[in-house]
Amino acid sequence: MIISNIDINKNKLEEFVRVLLPEYYEILSENADEKICIDVNESLQLITVKSSVIIGNRTVKEIEISYEKIGNDYFDQAEVMAKTSLLKLSGKEREYKWGALIGVRPAKIAGRFLNMGLSYEKIADILKNIYFVSEEKIKLLLDIVKRQEKYLDRETIGIYIGVAFCPTKCTYCSFPAYLLKGKYAERYDEYIKSLYRETSEIGKFAQEQKLKINTIYIGGGTPSILSAEKIEKLLITVKENYDLQNLREFTFEAGRIDTLDREKLQILKKHGVDKISINPQSFNEKTLKLVNRYHNREEFDNVYSMSKEMGLKINMDLILGLPGETTEDILHTLEELEKYNPENLTIHNLAIKNASRLNKENYRHYIELDYKRIFDKIDKVTENKKLNPYYMYRQKNSFQWGENLGYSVEGEESVYNIEMIEENKTVIGIGAGAITKLIHYNEKEKRNSIKRLVNPKDPLVWVNELPVRLEEKKQALKNLFESKYEKFE
């Protein structure tokens with residue numbers, strides 16, 4: 001068992017050990033012969049942690065770490081050091097490039113320290129000596145935080161509109177993405193009317209509350225599966241019901257090339273959309289067929305050229321580790337990427353999500369990938385294209401213990417992506433599967449607390465429950481904004 005003289009969150013400790021120290025996982029059992037003792041000594045200036053491995057009555061290993069007390073706003077410093085001391089006890093304090101940071105959003109810890117008034121130099125020292133993060137990842141993390149800083153504000157909100165249908169379901173996908181057949185096809189018109197309704201009512205509510213909207217993101221699913229007429233009506237619904245004078249960015253997720261044509265792109269441009277995603281994922285057509293995506297290179301190039309011609313800014317997504325892909329396949333995709341000039345590029349490591357078909361089929365990626373060659377190539381391509389990393393997130397079950405990175409040319413960073421990852425302000429979700437995040441900044445703890453309102457994923461359940469859930473959402477938002485962000489209970 002693990003014994004400490006301070007309270008440590010049991011669930012967080014268990015996850016920490018399971019992910020980083022699997023060899024200690026059995027020690028968590030109260031019946032284990034071996035135990036670890038963590039003794040924390042805290043003064044006004046210093047926190048010292050002594051951790052020991054004890055078998056029977058014999059101490060077989062002992063370590064000590066110390067760090068100055070950073071301040072009362074870092075109220076959980078002792079607990080953090082208690083957990084990270086286990087890395088040093090195991091001899092793994094320099095084994096993981098991300099050290100003890102196992103969360104999805106590593107930039108949030110740096111943001112928390114900035115809110116406490118610490119310098120970047122001091123934050124780097126904390127990351128190195130408390131969290132054992134490598135110099136390489138500290139630089140990446142702080143470079144990203146510096147690029148994000150000018151975009152973060154708590155005076156505005158974001159709007160997300162989700163379209164829950166796709167032409168086909170990609171095998172790796174876990175998002176709400178339903179096919180237009182059977183009962184969904186029968187009630188499709190009702191679904192569309194409900195989407196217009198929630199979009200309209202949230203817009204009117206936002207105006208009544210005098211909310212400043214700086215980002216709108218239409219995602220899914222695949223919103224470009226809608227007909228040109230329905231896309232135009234959705235965009236007109238936004239223009240007629242939202243105050244857009246503070247709008248900084250209007251993005252439309254058009255990731256499936258096989259759902260796009262000139263007319264749809266012209267409608268997007270006409271009604272104020274300035275950014276679109278067209279996502280190759282891979283430039284190997286055999287891979288696209290394996291994952292249930294259907295477009296060829298000629299179709300992709302045609303959509304890319306039309307979008308550039310109309311002045312739409314482009315994001316491209318790539319996924320590393322797709323089924324059947326070798327290192328050479330991925331390097332080929334990166335070579336082909338050099339032929340394009342997107343304003344944004346997002347590179348994901350494939351993770352097997354619970355709701356994906358790959359997970360249901362127990363897919364495992366047995367092809368060993370040379371990540372050094374791959375990442376060296378990514379660095380070369382992004383440097384040549386003047387694409388800088390500006391947002392990052394990590395995910396569980398990824399084949400590569402790394403991070404997913406968003407790149408952009410200077411000044412074209414996606415504000416919505418930054419706000420969603422950093423969870424810095426309220427984003428209202430509209431449509432089946434959309435999540436509303438109510439954000440309250442806790443002045444005492446110097447960090448945000450979050451309350452989530454989740455729309456049903458199934459489009460027909462969402463349609464059925466919309467009248468009640470919409471009113472509940474508006475009331476929750478009203479309470480939040482009228483109370484000036486009082487703490488959630």
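# Sheet, helices and overall build

Reader: How do strand β2 and strand β3 pair?

Author: Strand β2, residues 34–42, runs antiparallel to strand β3, residues 46–55, with nine bridges between the two. Strands count as paired if DSSP finds at least two bridges between them. Helices (H or I, at least four residues) and strands (E, at least two) are DSSP runs, numbered from the N terminus. This is a predicted model, in which local features need pLDDT of at least 70, side-chain atom pairs count only at pLDDT 80 or more, and totals for chains, interfaces and linings use all residues. Residues are numbered from 1 along each chain as its sequence is written, and side-chain values use heavy atoms, leaving out hydrogens and water.

Reader: Which residue is the bridge partner of E34?

Author: I55, in β3.

Reader: What order do the strands of that open sheet have?

Author: The order is β1-β2-β3-β4, four strands with mixed pairing. β1 (2–4) and β4 (58–68) are at the edges with a single partner strand each, so one side of each has no neighbour in the sheet. On average, neighbouring strands here are turned by 15° against each other, direction ignored. Axes are lines fitted to C-alpha atoms, for helices over the stretch in contact, and angles run from 0 to 180 degrees between N-to-C directions.

Reader: Which helix packs on the sheet?

Author: Helix α2, residues 77–90, which touches β1, β2, β3 and β4. Contact means heavy atoms within 4.5 Å. The direction of α2 makes about 135° with that of β4.

Reader: How far does α2 reach, and what comes just after?

Author: From first C-alpha to last, α2 reaches 20 Å, close to the 20 Å expected at 1.5 Å a residue. The expected span is 1.5 Å times one less than the number of residues.

Reader: What about α7, what should its residues span?

Author: Helix α7 (residues 188–208) has 21 residues and should span 30 Å, which agrees with the 30 Å between its end C-alpha atoms. K210 follows α7, with a positive phi near 55°.

Reader: How many residues of strand β11 are buried?

Author: Five of six; β11 covers residues 388–393. β11 pairs with strand β12 (residues 404–408) in the antiparallel sense over five bridges, and M392 has L405 of β12 as its bridge partner.

Reader: And the whole protein, how many helices and strands?

Author: 16 helices and 15 strands. The radius of gyration is 24 Å, close to the 23 Å from the globule rule for 489 residues, so the protein is as compact as a globular protein of that length. The radius is taken over C-alpha atoms, and the rule is 2.2 Å times the number of residues to the power 0.38. Buried residues make up 55% of the 489.

Notes: Buried means under 20% relative accessible area, exposed over 50%, partly exposed in between (1.4 Å probe, protein chains only).
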